[in-house]
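Grab the viewer and let's work through a few exercises on this one. Each has a task and then a solution in steps.

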Amino acid sequence: MLFVNTNVSALKGMNYLSNVTERMNRSFQELSSGSRINSARDDAAGLQISDRLDTQVIGTQQASRNIQDGISAIQVADGAMAEITNIAFRMREVATQMSNNTWSQEDRDGAQAEMEKLISAATQIAESASLGGTPLLEGPTVNENSPPVTDEDILIKLAGAMEQSEANIKAYFGLKGDGEDQFVINLGAIGGAVASVSFSGGTHDVTALNIDRAAFLAGWNGDTTQNDRVIQHEMAHAVMVNQLSTGVQSSLWFMEGTAELIHGADDRLIVDLGAASPDTFMSSFSNAAGSSANYSRAYVATRMLHDEMKSLGYGNGISSFMDYLKVDGRTVSNALEHFLGMTEAEYITYVQNSGGSYITNRMDLNNADVGAIGGLDADGMGVKDAHDSVGDTNSYSDQPLDGFKISAWPTGFTPPHDKIFQLQTGSNAGERSDFTIRGGTAERIGLSGVNVSANARGSMEIIDKVIGNIHEIRTELGATLNELSSHLRNNTNTIVNVSAAKSRITDTDFAVATAELTRNQIIQQASSSILAQANQNPNIALTLLGR
């Protein structure tokens, strides 16, 4: 059929030409933009997937920057701890130098002045270690009161005293727990004494360290700064029970006398002597405990034993006596026979007869030194007064001891040990990494209790513990750094792979697109030619009209 009003062939040609032109325009858009999806109509489902992948890539890129910030923080903290390590090495050197008894008290005080400057420098370095104003090495905030008020105050000071006591006991007695024995910390209305140790008689097992809350808050002799002397006394019991022959436990005078000797008891002896003559007072010495006077007599007896051992050529004094008693089955009487050639009963008689003369001629009860081992009176070292005989420090560790494990702290107490930092390490809300940094200030790592003027040999042990603490901190920082580096590498891989997945969905395949464009160009040319011919079809009607 031939129509003039409606040129169907031309309309079809126009339709095909329009379609191919649209396809060509789309090809031009894909090729010029490089993207297969330039609007929702191109691929609605693909666009939705692409947007989700875009979100993941953007989030992961920011998470990678977060990780890099965390790595920077760790590097700042590690750099600060490296310098604090150098400070600790210098302090160890000075403590070793001051451990000779050839120095005057003025020399020791001068050395301590340097130590205090180094302690201050360590704290300043730790406090200045920050990233963008965020402190890194200050440790968690502690609302600490001095003198102690709360249970947390008590337990922080207790942990510090235990740590310092362990160092002193190792330095002067040559003893440290086996590292396996565990005991609990009890805090409450317990016995009325500042502290006491519980252990299973006839064994090496320490079961508890008991702290009477009211007595601790009141302080020993009304002074809370001397509570550490009581803690050291009880820690001496704990270490001796754990390390020495069980046969030693029946020699009460030795158990109590050595526990008094470690922190000094001249002040107790002065009170117990009162108006009595030293000879009369010491004539009542026996293998007994349970009263302050018995503690004082036992203290004199162990001071005498310490001097006897040194006079026999044992430079470490009573430490050599302790070393002999490490063999299970041996008794104090065996040791006395081995070193002094007398039984325990004979030694008790000897002290009864000679103890008064020893107090009068060998002990100085008028100076500031309290008679502690390693001090001026006992060993010709620095003056150890009532406040310096142990060493003042706090501890924020849940395991402040090397020789014992704390199996349980009082309910509700967690030592404020680490400061927690959080990093968003992935693109999703739950992909977070927490890491902790221990406090690195002098007080946090245990340097604040170092006193080479009064306690050089104990300070050596404390600084060794501090160096160990620093190494633990730096090890943790290194492990965290490795962890964050792993997260960063994983994020990089994720970005690459997710971007590749998005590319396969959205990017233009130029080989396919150019082939499609070429095809559509040919079709367009053919459609244009056919449309031109179709437009000529109505002219055929004129021939029918004889035109």
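**Exercise 1.** In which sense do strands β3 and β5 pair, and over how many bridges?

*Solution.* Keep in mind that this is a predicted model. Start with β3 at residues 182–188 and β5 at residues 206–212. The two pair in the parallel sense, over 5 bridges.

Helix α4 (residues 151–173) touches β3, β5 and β6, and its direction makes about 145° with that of β3. Helix α6 (residues 227–243) packs there too, touching β4 and β5, with its direction at about 10° to that of β4.

**Exercise 2.** What is the strand order of the open sheet, and which strands are at the edges?

*Solution.* Reading across the 4 strands gives β4-β5-β3-β6, with mixed pairing. The edges are β4 (195–199) and β6 (405–408), each of which pairs on one side only. From one strand to the next, the twist averages 30°.

**Exercise 3.** How do helices α8 and α10 cross?

*Solution.* First, get the geometry: the axes of α8 (residues 266–273) and α10 (residues 292–311) come within 9 Å and cross at roughly 125°. That angle makes α8 oblique to α10. The crossing is left-handed.

Then check who meets whom. Asp 266, Arg 268, Leu 269 and Asp 272 in α8 meet a set of α10 residues including Tyr 295, Tyr 299 and Arg 303.

**Exercise 4.** How many residues of helix α7 are buried?

*Solution.* Take residues 252–261 and count those under 20% relative accessible area. You get 9 of 10, so α7 is mostly covered. Among the buried ones are Trp 253, Phe 254 and Glu 256.

Definitions and conventions:
Residues numbered from 1 in each chain as written. Predicted model: local features only at pLDDT ≥ 70, side-chain atom pairs only at ≥ 80, totals over all residues. Heavy atoms only, no water. Axes fitted to C-alpha atoms, helices over the stretch in contact; angles between N-to-C directions. Parallel < 35°, antiparallel > 145°, perpendicular 65-115°, else oblique. Left-handed = near helix turned anticlockwise from the far one by under 90°. Contact = heavy atoms within 4.5 Å. Buried < 20%, exposed > 50% of the residue type's maximum accessible area, 1.4 Å probe, protein only. Pairing = 2+ DSSP bridges.
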